[in-house]
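Thanks for passing this one along. Here are my notes, in numbered points, to read with the structure open beside you.

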Amino acid sequence: MKRVLIFCLSLTLLGCSFVGEVGKTVWGSSTRALEKAKREGIERKYACRNEACFDAVLSLGYSEELYQPVIKKFFRVFLKNRIKNHIIVMGIPGNVDTTEVGIFFSPISNETTQVTISSLSSSAKMKVSQAVFAELEQRFNSMP
């Protein structure tokens, strides 16, 4: 009984974010590794509102609940969070199906958004960045 009490007290002292992040890591939805990999990510800026860039990238993928075999879809959307401005994708052709790639959106101004692609897999990062940037360049002007 004392051990359980000490364990609960320890978790309380460590804070909720630690418990939440451990749970996310176990469940497989933690974005911490992808956020750290942003330093080596591939970045481009586009003349578009953050929401428009986000929606353009979503058009390249499909999600499990809405899955319909469509040839144009490039990857599976694993997580999307408009508040945190990121999309996590998997199922990149030629890579292990569970390889995660993070697509992060950073509004620079009302009409300019920076898009950063990160992954622990350099080949998955390259494939996703090529597809995402090609789609965005068809829809929006790239910025220096």
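1. Let me start at the hairpin of S3 and S4, where four residues lie between the strands. Asn85 in this hairpin takes a positive phi near 60°. Please keep in mind that this is a predicted model. The two strands themselves run antiparallel and are joined by five bridges.

2. Staying with S4, how many of its residues are buried? Five of the five are, so the strand is largely enclosed by the rest of the structure. In a regular strand, side chains alternate between the two faces of the sheet. Here His86, Ile88 and Met90 point one way from S4, while Ile87 and Val89 point the other way. On its pairing with S5, S4 again runs antiparallel, this time over four bridges. His86 has Phe104 of S5 as its bridge partner.

3. What is the strand order? The open sheet has seven strands in the order S2-S3-S4-S5-S6-S1-S7, and the pairing is mixed. At the edges are strand S2 (61-62) and strand S7 (142-143), each of which pairs on one side only. S7 pairs with strand S1 (residues 42-46) in the antiparallel sense, over two bridges. Within that pairing, Lys45 stands opposite Met143 in S7.

4. Helix H4 (residues 50-58) lies across S1, S2, strand S3 (75-81), strand S4 (86-90), strand S5 (101-109) and strand S6 (112-119). H4 runs at about 160° to S5.

5. On to the aromatic rings. A search of the whole structure finds two aromatic pairs. Tyr46 and Phe133 make up a tilted pair, with 6.2 Å centre to centre and 35° between the planes. This pair links distant parts of the chain, as Tyr46 belongs to strand S1 and Phe133 to helix H5, 87 residues apart. Both Tyr46 and Phe133 are buried.

6. What are the ring distance and plane angle for Phe54 and Phe105? Their centres are 5.1 Å apart and their planes are at 45°, so this pair is tilted. Distant parts of the chain are linked here too: Phe54 is in helix H4 and Phe105 in strand S5, 51 residues apart. Phe54 and Phe105 are both buried.

7. Finally, the cysteines. The count comes to one disulfide, formed by Cys48 and Cys53 with their sulfur atoms 1.8 Å apart. The link is left-handed, with -45° about the S-S bond.

Notes: Residues are numbered from 1 along each chain as its sequence is written. This is a predicted model: local features need pLDDT of at least 70, side-chain atom pairs count only at pLDDT 80 or more; totals for chains, interfaces and linings use all residues. Side-chain values use heavy atoms; hydrogens and water are left out. A disulfide is a pair of cysteine sulfur atoms within 2.5 Å. Two strands pair if DSSP finds at least two bridges between them. Contact means heavy atoms within 4.5 Å. Axes are lines fitted to C-alpha atoms, for helices over the stretch in contact, and angles run from 0 to 180 degrees between N-to-C directions. Buried means under 20% relative accessible area, exposed over 50%, partly exposed in between (1.4 Å probe, protein chains only). Rings of Phe, Tyr and Trp (its six-membered ring) pair if their centres lie within 6.5 Å; planes under 30 degrees apart count as stacked, over 60 as edge-to-face and the rest as tilted.
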